[in-house]
Each structure stands twice: as structure tokens, then as C-alpha cells.
Amino acid sequence: MKVLSRIGFWLLVIAIGLFALFPLYYAIISSFRSGSALFTTAYLPERFDPTNYIAVFDRQPFGQNILNSIIVAGTVVAISLGLGMTAAYAFGRIAFRGRALLLMTILAVSMFPQVAVLSGMFELIRSLGLYNTLPGLILANLMLTLPFTIWVLTTFMRELPKEIEEAAFVDGATPWIVVRRVFLPLMAPAAVTTGLLAFIVSWNEFLFALTFTLTNERRTVPPAIALMTGSTAYELPWGTIMAASVIVTVPIIVLVLVFQRKIVAGLTAGAVKG
Amino acid sequence: MAGAVAQGDVFVRVAARRRRSSLTRSRIRSAWLFIAPSLIILALIAGWPLARTIWFSFTDANLNNLSDYEFIGFENYLANYDGEWLGLLTDPDWWQSVWNTVWFTLVSVSIETVLGIIVALILNATFPGRGLMRAIILIPWAIPTIVSAKMWNWMLHDQFGVINDMLLRAGLIAAPMTWTANADTALWAAVAVDVWKHTSFMALLILAALQMLPQDIYEAAKVDGVSPTRVFFRITLPLIKPALLVAVIFRSLDALRVFDLIYVLTSNSRDTASMSIYARQQLVDFQEVGLGSAASTLIFLIIALIVVITLAAGRVRLGEDPR
């Protein structure tokens, strides 16, 4: 009986692992097959044909798309962390009237359906002259990242012991110095976690990127992949799409594997403790 | 003499309190200074666009020229022209998209909850390779939604897809299926991808709750010889219920605004459109900013209503049960 349940347990573990990994595995082996080879199904890698990887960069400005994604996501993370850290200090360490209400409002913003602001955001971006530009996307993506950055950093900030800042204040430090010299170093791990989550959110964002850009050169990676077309209008270039998918997924997976513990801490901090 | 000492004591204390309160006041002032930039930005990029969207929903604005529009009241929602009812609320496509979204949310979140509990229970056991397993289940979560949709699109391809191939080999289907183009199966395909992508999120939240449970209850149950199923339903499930509810609410709100997954997976078909897809289609493809904004506003109201109800229900339950 015990052996049987042991076997059942391991079968379950293997099944979950296969289910989680198979689509990525299949995308990788498909990306190395091209031409008519794609029209037969293969479960094992047979050869490494780099044609698709060359075609991705050849047929569209995919290098530019990747660069756009990095610029947008990087800037969004920097701004979110900068603003989020100061706001989280105020929310987490200072008792003032209206604090709970403000925090709830910010949490509510993070639950906004993106589409609810779409026409207003379109008007805003166009009136600022930012349509089809990267700053326009950065502005729009901040709506997605800033609220949860503040929220998660506030939960982390609350957990730090009170004595730390009291000692600094007794020594005559101003709040700004306390944030910079005391909390910034202590919050570095939390900032890495939150920054990673914000990066992933911005890197994966599709609706704004699809709506607020027009030309292929200004697109970020998600709309670029979604709108990839082949030499004919009828057949999508699956090999190229799989190659592009693998290219943009691998860095994210490396990040996730390296920072696994931090990401899990960040994901659960907002929900369980908050 | 004694009076002078007491008086001096009072002076010291008053001065201390004054100093403390001026310190508190300066801290409160700096708190507002620290929050102000974030609040201004959020008001500009979330509050203002939301208000404009709601305003546009009462106008006949067009995407070509957003500055030239007229106020038309509720006509985008419901209007009567010569005895014929028009507007969003009479559009069968809108109601189809509402139904699609609700169905998608209910089915995918239910499956994710059950699977999430199973995965969390497994990860909560000690076995060699547990850390690796936790990393593996995070991979689908980290893959961009567009990429997952494309990967599954390829796996579900009607002619060359690996899923048709597997099912044919196993003898479960007689002929290849057109999974994503057929209205009957396309939403199930979307559910499959969503479950694949988001079960890990559910599992990780539940796992965090499991790891905070006190171990002595389990030891006591073991000593008493309670069966594992009974332990799960009588001890574990009630204890993790609050965390489970939070995870379910987070996922449901996320699923209700689904856009990219269905948009890419089912190639923007009308039969499978979600509410967000419908709204964007009116707004961008048909340039009908008024109608699209009306749909956006309704989506916002539906989600806001659910948030308010769950918050209220949570408070009521907290009030009844001091645990």
C-alpha cells in the first residue's frame, strides 16, 4: 500500500512536470525545424536547423522590437521603484489620516480592467503627442505596475522593526535621509522582487502596446509576435513564430529560475499578508 | 521647593510633548510629500482616463477626431429610434461576449482552484527535487501570454498540431479537430491555456498558506489515526480557506478582463470574443469611441461590483467569526 501510494505520488509529480514543460519543449523543437519538416509531427529533436532564427530578424525589425521591450520595461521598473519606494515609506512607516483609504484606492487601481481606461488613455497619449512612441507605452504601463509596486513594497516596509528609524530620528536625520540611508539598503531584496514582477508585467503587456503603436518599428515584442505574418497571407510562419517565442521566453525563464524564491515571496506578499 | 520641582517636571514634559508633536507633524508633512508624486501620476494615468472613458460613453465620439463630439446621453447604452431599440444593451454580440467571459472565468478558475490545491499539497510534502518542481511550475506563469497563446495555437493546429496527433494515436478522436476555429471547442482551448498558465499562481498562494499552518494539529490527528482525506477536508481546507478565497478572487478578477489570450488563440473571432475584446473592437476596429467606451464602462462597473461584494462579504464573515 505504502509503495503504491509512493508510486502514485511520483506519477503525479511527473505528470505535473510534463504538463508544465511540454509546450515550451515543443516550441523549442519546432523552432529548429523548418520548411516541410514542420508539416510532420515530431516528439524528439532531430536536427538543429537555425533557418527560423535567421528569418525572425530578417523579415521584420525583431531586434528593434526586443530593444523597445527592454527600454519600456526597464524605464517602467525604474520609475515604479523610485516612486513606489518613497510612497511605501510613507504608507508603511508613518501614521497619517486617510492612509488606509488611500492604500485601498491604490489597490483598487491595480484591479482596474485595462480596457476601462483604453479610450481615455488613447486621448491622453494622443494629446501629449506620444502616440506610436515608447514614452507613450511607458506612461500607460505605469498604470499597471505602480499600484502593485506601492502595495507590495508597503507590506515589506511594515515588517522592518520600528527601532531602526527611531534611532536615526533621535540622531537628527530627516525623513528623506532615513529613506535613503536606512530603508533603501534594507529594502534592496524587496526592491529586486518587486522590480522583477514589474519587469515581467511590462514585458508581457499586450493590449496597450497593440493599441498605442502603429508601425512595426515601434512595437514591443508581444504585438510583434502576435502580428507576425508569413510570405503568404494564408499560412502563418509557425517556425519563425516559435523561434521568436523561444528568444523572448528564455531570458524571462532564466530570471525566474535564478530569482525563484524572491518571486514567490513577492507574489505571496501582496495576497497573503495584505 | 517640592512645588518648584514638580513645576519644572511639568515644563520638561510639555516641552517634550511639543517637540514630539512637531516631529510627528513634520513626519506627516513629509509623508504627503512622499506620496504626492505617485498620487499625481496615478490620477493622471488611471483616474483621468477612467473619467474620460465614462464621459465618452455618453457621447458620439469617433476615433478619427476625438475632439469633435456631442453629448447624447444614454443612447450608446440603450436608445429608441422609431420604436426600434438600439444600443449596447440590445447587441447580441455584447451579450455573447459577456456570457463567454463569465463562462471562461467560472470554468478556468474552478479548474485552477482544484489543480492548484493538488499541486500545493504535493509541493508541501518533502521529497527530493521539491525546489526544482517549484521552479518548473513557475515557468508557464513567466511565459508572456501572447507567447503561450501562440505555442498552444501551434500545438492545437488542425493539420500539423501535436495534440491532434496524440489524440489520434491514442484513438480518442477519429479525425483531426479544428480546436481554435470551432466555436464549441475554442473556449475550452482558451481554458486549457489559462489553466496551464495560472495554476502555478494559485498553487503558490495556497502553498504559502499551507506552510503557515501549525504542525501540532497534524501530529495530533496522526496520533488519533484520522484518515488523510478527513484531515484534508476537516482541518486543512477550513484553515486555508481565507487564503484560498483571496487567490480565487485575484484570479477571477484577472480572468474577467481576459484579452490577449483569447484574442490571439481564437484569432479574434466573434463567437469567442471576451468583453474586453468586444470593447476594443468597437473602439479601435470600428472607431466607435462612444459605444466602445460604453462597453468599457460596463466592464468597469461589473468588476467594481464584484470587488465591493467580495469586500463586503469578507467583512461580514470576519464580523461573525472572530478567528
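**Core.** I looked up the largest nonpolar core in this predicted model. It holds 151 residues, and B:Ala190 and B:Ile206 have the most contacts inside it. I then checked which element gives the most to this core: helix 6 of chain B, residues 183–211, with 17 residues.

I listed the contacts of B:Ile206, leaving out residues up to four places away in sequence. B:Ile206 touches B:Gly116, B:Ile117 and B:Ala120, and also B:Ile240, B:Ala243, B:Leu244 and B:Ala247.

**Helix 11 of chain A.** A:Thr249 is itself among the buried residues of helix 11.

**Domains of chain A.** I took the bounds from the domain assignment: domain 1 is 2–39, and domain 2 is 61–230 + 247–273. Taken over C-alpha atoms, the centres of domain 1 and domain 2 of chain A are separated by 33 Å.

**Contact between chains A and B.** I looked up how many residues each chain brings to the contact: 73 from chain A and 72 from chain B. On the side of chain A that touches chain B, helix 1 (residues 2–31) gives the most, with 12 residues. I noted the make-up of that side of chain A as 58 nonpolar, 13 polar and two charged residues.

Note on methods: Residues are numbered from 1 along each chain as its sequence is written. Chains are lettered from A and ligands numbered from 1 in the order in which they are written. This is a predicted model: local features need pLDDT of at least 70, side-chain atom pairs count only at pLDDT 80 or more; totals for chains, interfaces and linings use all residues. A nonpolar core is a set of buried Ala, Val, Leu, Ile, Met, Phe, Trp, Tyr and Cys residues joined through C-beta atoms within 7 Å. A residue is buried if 20 or more other C-beta atoms lie within 10 Å of its own, exposed if 12 or fewer, and partly exposed in between; C-beta atoms are placed from the backbone. Helices (H or I, at least four residues) and strands (E, at least two) are DSSP runs, numbered from the N terminus. Two residues are in contact if their C-beta atoms, placed from the backbone, lie within 7 Å. Domain bounds come from an automatic or database domain assignment. Ala, Val, Leu, Ile, Met, Phe, Trp, Tyr, Cys and Pro count as nonpolar, Asp, Glu, Lys and Arg as charged, and the others, Gly among them, as polar.
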